[in-house]
Amino acid sequence: MTFLRNIWYVACWDHEIAEGALLGRRLLDEAVVLYRDAAGKPVALRDLCPHRLAPLSFGRIVDGSLRCGYHGLGFDAQGQCVHNPFGPPSRTMKVQSYPVVERHSAIWIWMGDAQAADPALIPDFGFNDPDAFFVGKGYIGVKAGYELEIENILDLSHIEFLHPDTLGSDQVSQGEYACQVEGDVVWSNRTVHGEIMNERLSARMGVEPGQPADRWIHVRWTMPANMAIFAGAVPSGRPQKEGRETPTAHLFTPESAGSTHYFYSISFPRAMGDYGAQLAREQVEFLSVPFATEDLPMLQAQQANLGSGGLRDARIGWLPGDAAGARARKILYERIDAERRLASPIEAAAEAPAA
Amino acid sequence: MTFLRNIWYVACWDHEIAEGALLGRRLLDEAVVLYRDAAGKPVALRDLCPHRLAPLSFGRIVDGSLRCGYHGLGFDAQGQCVHNPFGPPSRTMKVQSYPVVERHSAIWIWMGDAQAADPALIPDFGFNDPDAFFVGKGYIGVKAGYELEIENILDLSHIEFLHPDTLGSDQVSQGEYACQVEGDVVWSNRTVHGEIMNERLSARMGVEPGQPADRWIHVRWTMPANMAIFAGAVPSGRPQKEGRETPTAHLFTPESAGSTHYFYSISFPRAMGDYGAQLAREQVEFLSVPFATEDLPMLQAQQANLGSGGLRDARIGWLPGDAAGARARKILYERIDAERRLASPIEAAAEAPAA
Amino acid sequence: MTFLRNIWYVACWDHEIAEGALLGRRLLDEAVVLYRDAAGKPVALRDLCPHRLAPLSFGRIVDGSLRCGYHGLGFDAQGQCVHNPFGPPSRTMKVQSYPVVERHSAIWIWMGDAQAADPALIPDFGFNDPDAFFVGKGYIGVKAGYELEIENILDLSHIEFLHPDTLGSDQVSQGEYACQVEGDVVWSNRTVHGEIMNERLSARMGVEPGQPADRWIHVRWTMPANMAIFAGAVPSGRPQKEGRETPTAHLFTPESAGSTHYFYSISFPRAMGDYGAQLAREQVEFLSVPFATEDLPMLQAQQANLGSGGLRDARIGWLPGDAAGARARKILYERIDAERRLASPIEAAAEAPAA
């Protein structure tokens, strides 16, 4: 599988590399180690000592640089050898380093051409900024490819069938649905009118249980697989601005062709005070149940049925709610193909699937 | 590996698809889902929703038809889409259905040409009919190919060495042995004269412990790997008709090239009343011990030694007791080759092993 | 991967085949069964019955010969069939046998040309002779190739970084290092002057804790991956002969290309009496902690980073301490290539890596 490389991916949540911590994680099928330097700035290096292939994540941080745990070689944030217990630092042993940016409670990594790593290209997840929001954060490792995750989030009609007791109701499929494309951004917007939600969900959405509500669920996709959901509800017939819209983030980074890191979060404004902090804690916990016990087995079973081939080449069916997923994947594949042509024009031409 | 397709296989025991139950099971390396329709009739479909590859066995049964648990599409017993929450039922999304017949306490499936699925071809396991017999039923998933199971059951001389404390004695190998072929049916018949069986076994066979017995063990093989064992004993020198013959079934269905579903049972006539019911329960439990703790590890170790190649091409030795297994596999392979020639004459010719 | 075949490997420790025991173990990617005959002499056969591929290690020993646990065939120490419950012993069913020698508390196996199996070629581990030494013996199964183990033991500078709390100190890397090659034997000798060892280590080495010591650690490599470490210490400035040198053995046998049997031991002279026996027990236990909790995960992570390719073709770096490992592997690879050229001249030429 070819991954898009000149793009920002979430490598980890900010708290996963607390001071002194070393995090080894496979991203785009490469072993990466993440940590913070002496100033607290995040650093990402290939998790592989060039001396004897030891994972650098087994080492330790000394004076803000990374020391291999096998023979003590030290590397700085650029991957340059800066310490050698047996002589002068080696100039030939160098570790690949990756541009990283800390933003929106996450560490974003760029695994393509470092010259092109413009932080302005990081998609806007301002509702995850810890200064302004309480952010409840979760993580699930999924044995399924990231394209299945794109489809899962962009077609939330599935909450009626896969999450009937938590997030869905039996009216979701009857809602209005609209797919909008704005440049490289795809929106999948759904509104359910007069919906009777289950008691707990209704209360969460700020509608008296048992009363019909108008619920909107708007999903924004940005490349490669970073999605924001803006959802809210009002008593049926009232204007949307009277409701509270709660944003959640659903950020997917390929671990390998058939496995994905799923970073999810839910945010409440700091203006809400302690109650907002409590909601962030409680509701990210609440979300983990359908995500881990309903989405996870479904996605992993789809992946097993998909076999070693990718979703791009699979024979699948079509329902109206698939519009957004199809548009998003089309945009993504065009970008992947363009990158491939640049990297290796002849190989790309030979491998291109027939149009 | 090529499986014989135009033949009946056991997909599950009847009780495995109790009302409302959905059973997902891999058969002949295909994912199959089994359930009962509103009238209680068994249904088998490909366990794969054509929309997004979700396993249908993750769904639920509504009004006797199967609803996918991901986006709610419904399919009838023929695999036709009959329900779509988002519009009219799709005519293009169709699921493969398989002929199934409930007989002899089992659900039999035909995974070849549906036109040829004649129920009269199901082999006779009348001693498993629940109207006339109490049937104790067991199941073991085995990580070994079904051909090794054919050999295991057709050469029961192994009970002397592999099951010395339960089913065997040190005289089994000295018994008479005869292999008979009747069309596509192979018999492997063994009689041990003057056998001193262990105390528990002797009592089970109806012979006073410590007394010499004449024990017969007759095995009937039918394609592809369905075997009946008819075994009994009498005090040495008495006529067979004075003994009680107990039939057991040993039904093997490939899960994949290297793994097999093993359905086994033991039957006692309903005429025996409560005692027969008790024996069926007790003795199927008793059999599970040698099957799971002695046969299972042996077969799995043989498979590991066999590696990725099949038994058909393996270099193996010869003992007199191998006659029945060899005949059975010859009949089976000829049928597989004939089916292959019909399906793809050129490919079959190219792949055929040298005679 | 091509293993050197005309060489002695350790198959097991002597106590692993206590009387009546059958040990099945994969060596050089072949299934081998080991046991002792009626006279207590070790025997090694292919762990595969030629009749139906059953592992012979599932069988039992009767009158010093090995009986298959499936259909009772018996084989002698040469692998000849000597017992058949169903007739005369088969002359065609033969099991491969391997030369074995019991020496230095271990059973050594020769998996090449049996004619060439000269016991004089077994390397000298006289300090493991149970007549003269108390030998504490341990075993770890490692999911890493044996070449990584050669490098690990031949460059013990790693004890400073990987074993800082047990075997190392922060002065090891500053010690003197010398690599010596004597024919096919490679020495990696390290001496640390004025070393302050941790309290427990210092006591073990016979130096008063807190006092500077001169510690020597000499490693001897013999093909393919059998190493002896001779280590001792004296109060700084005193002559070596005043210290107690303790030998340990580190014997590696490939299980497969990516996994290795690690046999390790530590020896104390019988002349020490009960205290020597106690030390052997205690110190082999002590060693198991860094070996299993520090070396093992490191080596397995290196192997994972190495992927399916071997260390021979990997791009790795160079530090002065790598001299011995490089020399040892060069000698080993030359011998492997020579053996390959003899076995299959044309294939070897085609596969040879570019020089």
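In chain C, Tyr146, Glu147, Ile150, Glu151 and Leu154 of helix α1(C) meet C:Ala324, C:Gly325, C:Ala326, C:Ala328, C:Arg329, C:Leu332, C:Tyr333 and C:Ile336 of helix α5(C), contact meaning heavy atoms within 4.5 Å. By class, this contact has nine nonpolar, one polar and three charged residues (Ala, Val, Leu, Ile, Met, Phe, Trp, Tyr, Cys and Pro count as nonpolar, Asp, Glu, Lys and Arg as charged, the others, Gly among them, as polar). This is a predicted model: local features need pLDDT of at least 70 and side-chain atom pairs pLDDT 80 or more, while totals for chains, interfaces and linings use all residues. Residues are numbered from 1 along each chain as its sequence is written, chains are lettered from A in the order written, and side-chain values use heavy atoms, without hydrogens and water.

**Helix pair in chain C**
- The axes of α1 (residues 146-154) and α5 (residues 323-343) of chain C come within 8 Å and cross at roughly 145° (lines fitted to C-alpha atoms over the stretch in contact, angles running from 0 to 180 degrees between N-to-C directions; helices are DSSP runs of H or I, at least four residues).

**Interface of chains A and C**
- In this interface, 19 residues of chain A are in contact with 22 residues of chain C.
- Chains A and C bury about 1900 Å² between them, 62% of it on carbon and sulfur atoms (accessible area, 1.4 Å probe, lost on being put together, summed over both).
- A:Arg52, A:Tyr70 and A:Phe86 supply 40% of the area that chain A buries against chain C, more than any other three residues.

**Salt bridges**
- Two salt bridges are counted between chains A and C (a side-chain nitrogen of Lys or Arg within 4 Å of a carboxyl oxygen of Asp or Glu).
- A:Arg52 forms a salt bridge with C:Glu151, with the closest N and O atoms 2.6 Å apart.

Methods:
Helix = DSSP H or I, 4+ residues; strand = E, 2+ residues; numbered from the N terminus. Buried area = accessible area lost by both parts, 1.4 Å probe.
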